[in-house]
Amino acid sequence: MKKRILSCIQPTGDMHLGNYFGAVKNWVDLQADYECFYGVVDYHAMTMPYDPKKLKNNVWDLIFNLIGVGVDVENLFIQSLVPEHAELSWIFNCFTPFGRLGQMTQFKDKSSQSSEKSEGFISAGLFTYPILQAADILIYNADFVPVGKDQEQHLELTRTVAQRFNNQVKKEYFTIPECLFTETPKIMSTADPSRKMSKSAGEKHYISVFADEARLRKQIRSAVTDSGDTLEGEMSAGVKNLFEILRACGADEAYAEMMKNHESGELRYAEFKDVVADAVVGLCAEFKARKEEALANKKDIKYKIKQSSAEIRKTAQQTIKDVKELAGLGNVKF
Ligand code: TRP
């Protein structure tokens with residue numbers, strides 16, 4: 001039997017090369033060997049100050065983006081279409097050591113962001129966010145969770161919750177999940193290659209996977225190459241980043257050729273950037289075509305997502321039924 005994978009992503013708008021190579025590409029590749037559940041977590045997106053209309057649009061944008069890059073529709077679900085996540089989350093609230101939540105680095109980072117954005121407001125949901133994440137994972141009895149290192153702490157908490165529940169009900173009910181770390185290229189900002197590519201820094205800093213060709217080329221052409229602080233013969237962070245992007249795109253031959261030029265001191269940045277742009281444009285063209293095809297059948301795809309969420313929900317409902325029984329809840333037998 002195939003092992004089970006679960007992973008989730010927050011609907012935060014645009015998908016950039018950093019998101020794609022850092023996480024989503026992995027999702028696509030894992031589909032061949034595992035049973036995969038991939039969630040768009042809209043309940044999690046409410047933990048920060050947000051706009052309801054935008055949330056709705058972002059969820060569907062992300063769904064179409066994921067389909068565009070090659071995630072199978074049958075593996076996708078929208079978290080709030082499986083409300084059992086929220087129910088299990090409550091139950092897990094009662095199996096989570098309070099003190100551990102305050103130690104979460106994501107909470108520390110995001111609570112200060114939230115506070116800055118919204119006059120000191122920090123939601124209790126932001127604090128209990130990792131409990132909902134534990135529910136996302138355990139409700140499907142996932143064996144593996146492909147995540148970045150930044151999520152390790154949340155996974156460790158998930159394992160604690162599962163163990164505590166199992167101990168309390170005296171049954172090895174939940175599978176203790178493991179992180180699945182894969183080597184992923186680290187893509188840096190094209191405007192400031194000392195920091196990770198991210199949307200929060202502004203438009204110049206990231207390359208959107210679904211931008212049109214002219215924009216892709218323009219952004220790569222204006223990528224920072226000389227940061228001024230590199231020694232003679234040493235590769236600058238900006239050039240290194242462009243090489244990383246080139247390799248990530250699978251352009252092995254071009255990569256080898258450009259590297260040879262670099263080593264002999266003959267790398268011309270203008271030409272190099274054109275080569276990188278060609279590779280990115282080539283990769284993204286395929287994604288864009290697939291996304292456009294999905295968008296042309298928008299209604300049909302939306303219907304399919306509702307269907308796949310309903311199908312995935314059946315597993316979640318079975319877990320909730322078992323958990324309530326084990327936890328002494330909802331006993332209607334007299
Ligand atoms: N916290 C994750 C992030 O910020 C998103 C997430 C929510 C998640 N639930 C999950 C990831 C379950 C893996 C499994 O990226």
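K170 is found in the loop between α8 (152–169) and β5 (178–180), where helices (H or I, at least four residues) and strands (E, at least two) are DSSP runs, numbered from the N terminus. The model is predicted, so local features need pLDDT of at least 70 and side-chain atom pairs count only at pLDDT 80 or more, while totals for chains, interfaces and linings use all residues. Residues are numbered from 1 along each chain as its sequence is written, and side-chain values use heavy atoms, with hydrogens and water left out.

The phi angle of K170 is near 55°, a positive value in a residue other than glycine. K170 has a relative accessible area of 75% and is therefore exposed; the term exposed means over 50% relative accessible area, buried under 20%, and partly exposed in between (1.4 Å probe, protein chains only). E119 also has a positive phi, near 45°, and is likewise a residue other than glycine. E119 is placed in the loop between α6 (105–117) and α7. With a relative accessible area of 83%, E119 is exposed.

The structure holds 15 aromatic pairs. Rings of Phe, Tyr and Trp (its six-membered ring) pair if their centres lie within 6.5 Å; planes under 30 degrees apart count as stacked, over 60 as edge-to-face and the rest as tilted. The ring centres of F37 and Y140 are 4.8 Å apart and the planes lie at 15°, so this pair is stacked. Because F37 belongs to strand β2 (residues 35–40) and Y140 to the loop between α7 (124–138) and β4 (144–146), the pair ties together parts that are 103 residues apart in sequence. F37 counts as buried at 6% relative accessibility, and Y140 counts as buried at 0%.

In the pair of F243 and F272, the ring centres are 4.6 Å apart and the planes are at 35°, so the pair is tilted. F243 lies in helix α10 (residues 237–248) and F272 in helix α12 (residues 269–296), so parts 29 residues apart in sequence are tied together by this pair. F243 is buried, with a relative accessible area of 2%, and F272 counts as buried at 0% relative accessibility. One aromatic cluster is formed by F92, F95, F165, Y173 and F174.

Charged side chains also meet aromatic rings. The charged end of K149 sits over the ring of F181, 4.1 Å from its centre (NZ of Lys or CZ of Arg within 6 Å of the ring centre and within 35 degrees of the ring normal). The charged end of K302 sits over the ring of W60, at 4.8 Å from its centre.
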